[in-house]
Amino acid sequence: MRLDVFSIFPEYLAPLDLSLIGRAREKRLLDLTVHDLREWTHDRHRTVDDTPYGGGAGMVMKPEPWGEALDTVLSATPDVPVAEVSPSGESVAGASSAGEPVAEVPAAEDSAAAVRARPVLIVPSPAGEVFTQTTARELASRDHLVFACGRYEGIDQRVIDWASQRMEVRPMSIGDYVLNGGEVAVLAMVEAIARLLPGVIGNPGSLDEESHEDGLLEYPVYTKPATWRGLDVPSILLSGDHGKVARWRRDQRLRRTAATRPDLLAVLPAGSLDARDSEVLREATTGAQEEEQREAGSSRVEASGSGLAE
Ligand code: SAM
C-alpha cells in the first residue's frame with residue numbers, strides 16, 4: 001500500500017518510523033512518504049495560511065500549496081478513471097487521475113482493480129464522518145491513501161471540492177473533540193489501517209477477536225503470574241478446558257459491551273446472538289438497572305440527611 005501524508009509539521013509524523021509500522025515500512029509492505037506542504041509555497045516566508053473571508057477568528061490554509069501538492073500525487077498515479085460509483089453501482093461524472101475531467105464512465109468497465117487503485121484523499125476534520133474499525137477495513141483494501149493534515153481553522157473548502165472531482169475524498173473525524181491539527185488523527189488512522197494489512201501483525205489470529213471486529217468489545221486479558229498482589233487470574237483460564245474458556249470469554253465480551261458501550265449492542269447484526277448470549281445480556285442489563293436504583297436510593301438518603309431533599 002502506498003501512503004502520502006502532507007503536513008506543515010512533518011516531524012510530527014516521526015512515530016511512523018517506529019514499532020510495527022516502522023517494520024512494515026522496512027519490509028516494504030508500506031510505501032509511506034511524509035511531505036512538507038511548505039515545499040509547494042513560493043514566497044520567502046513559505047506562507048500556507050491567510051485570514052478568513054467573511055471575518056472571524058483564526059487563519060485558514062490557503063488553497064494554492066494544497067492544489068500543487070495534490071497535483072504531484074495525481075500526476076504520479078497511473079491514469080485510472082476516478083468517476084464515482086454510487087452505492088447503487090451507477091457511475092457519475094468524474095475525472096481522470098491526471099486531473100482531466102471524464103464525462104461518464106460506465107459502471108461495468110469500472111473493475112474492482114480500478115476502484116482499488118484509485119487514490120483516496122483522507123482529510124482529517126472534526127466535522128468529518130467518524131473513523132471506525134469498519135472504515136479502517138475499507139481503507140485497508142485500497143492501494144493508495146493520501147492524507148491532508150489541516151491546521152489553524154482548516155483547509156480552504158475549494159481544495160476539497162476540487163479534489164472531489166478528481167479522486168475519492170473522505171473527510172474523517174477520529175472523535176467528537178477538537179485537536180490542533182490533523183497529524184495526531186493521521187497517526188491513529190494509519191496505525192489502525194496498516195495493522196490490518198497482511199504481514200504487518202506477526203500473528204494475524206490476534207486481529208480476529210479484537211474489540212470492534214464483530215461489534216463487541218474484547219474480553220479482559222491476563223498473563224503470568226497467576227496471583228499478583230493478592231489478585232488471582234480467573235480460575236477458568238487455568239482449567240485447560242478450551243470450550244469453557246471460549247464461553248467465559250464470550251460472556252465477558254457481552255458483559256463489558258453492555259456495561260460500557262450499550263450503543264454497540266443496539267446495532268449488532270440480526271442473528272449474531274445465541275440463546276446463552278441473550279441470557280447473559282439480560283442478566284447484565286438487570287444487574288446494571290438494580291445498581292442504578294440502589295445508587296439513586298442511597299443519594300436520596302444522603303440528600304435527606306443533609307437537608308437537601310425537596
Ligand atoms: N475549525 C475547525 C472546526 O471547528 O471544525 C477545527 C480546526 S482544528 C483546530 C485544526 C485541524 O485539526 C483540522 O483541520 C483537522 O485537520 C484537525 N482535527 C481537529 N480535530 C479533529 C478530529 N476530531 N478528527 C480529525 N481531525 C481533527
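The model is a predicted one, and the values below were computed from it. Around the ligand there are 18 residues, and the protein buries 82% of the 570 Å² that the ligand exposes when taken alone. Elsewhere, Phe6, Trp40 and Trp66 come together as one aromatic cluster.

**The ligand and its surroundings**

- Among the 18 residues around the ligand, those that come nearest are Pro124, Glu153, Gly175, Tyr177 and Leu179.
- Pro124 places a backbone N or O atom 2.9 Å from an oxygen atom of the ligand, while for Gly175 a backbone N or O atom lies 3.0 Å from a nitrogen atom of the ligand.
- Gly181 also takes part through its backbone, with a polar atom there 3.3 Å from an oxygen atom of the ligand.
- Taken alone, the ligand would expose 570 Å², of which 82% is buried by the protein.

**The aromatic rings**

- A pair of aromatic rings is described by how far apart the centres are and by the angle between the planes.
- The count of aromatic pairs comes to 2, and in one of them, formed by Phe6 and Trp66, the ring centres are 6.5 Å apart and the planes stand at 65°, so this pair is edge-to-face.
- Because Phe6 belongs to strand 1 and Trp66 to helix 2 (residues 63-75), the pair ties together parts that are 60 residues apart in sequence.
- Phe6 is buried, with a relative accessible area of 1%, and Trp66 is buried as well, at 0%.
- Phe6 and Trp66 form one aromatic cluster together with Trp40.

**The nonpolar surface patch**

- Phe9, Tyr12, Tyr177, Leu179 and Val184 make a nonpolar surface patch of about 430 Å²; of these residues, Tyr177 and Leu179 are also listed among those that come nearest to the ligand.
- Tyr12 is found in the loop between strand 1 (2-7) and helix 1 (19-26), and Tyr12 counts as partly exposed because its relative accessibility is 40%, a value between the limits of 20% for buried and 50% for exposed.

**Asp156**

- Asp156 sits in the loop that runs between strand 8 (144-148) and helix 5 (157-164).
- With a relative accessibility of 14%, Asp156 counts as buried, since buried means under 20%.
- The side chain of Asp156 makes a polar contact, at 2.7 Å, with the side chain of Arg158.

How values were computed: Residues numbered from 1 in each chain as written. Predicted model: local features only at pLDDT ≥ 70, side-chain atom pairs only at ≥ 80, totals over all residues. Heavy atoms only, no water. Patch = residues over 30% accessible without salt bridge, like charges linked within 9 Å, V, L, I, M, F, W, Y side chains within 5 Å. Areas by Shrake-Rupley, 256 points an atom, 1.4 Å probe, with all protein chains shown as cover. Salt bridge = Lys/Arg side-chain N within 4 Å of Asp/Glu carboxyl O. Helix = DSSP H or I, 4+ residues; strand = E, 2+ residues; numbered from the N terminus. Buried < 20%, exposed > 50% of the residue type's maximum accessible area, 1.4 Å probe, protein only. Near = heavy atom within 4 Å. Polar contact = N/O pair within 3.5 Å; in protein donor to acceptor, adjacent residues only side chain to side chain. Phe/Tyr/Trp six-rings, centres within 6.5 Å; stacked < 30°, edge-to-face > 60°.
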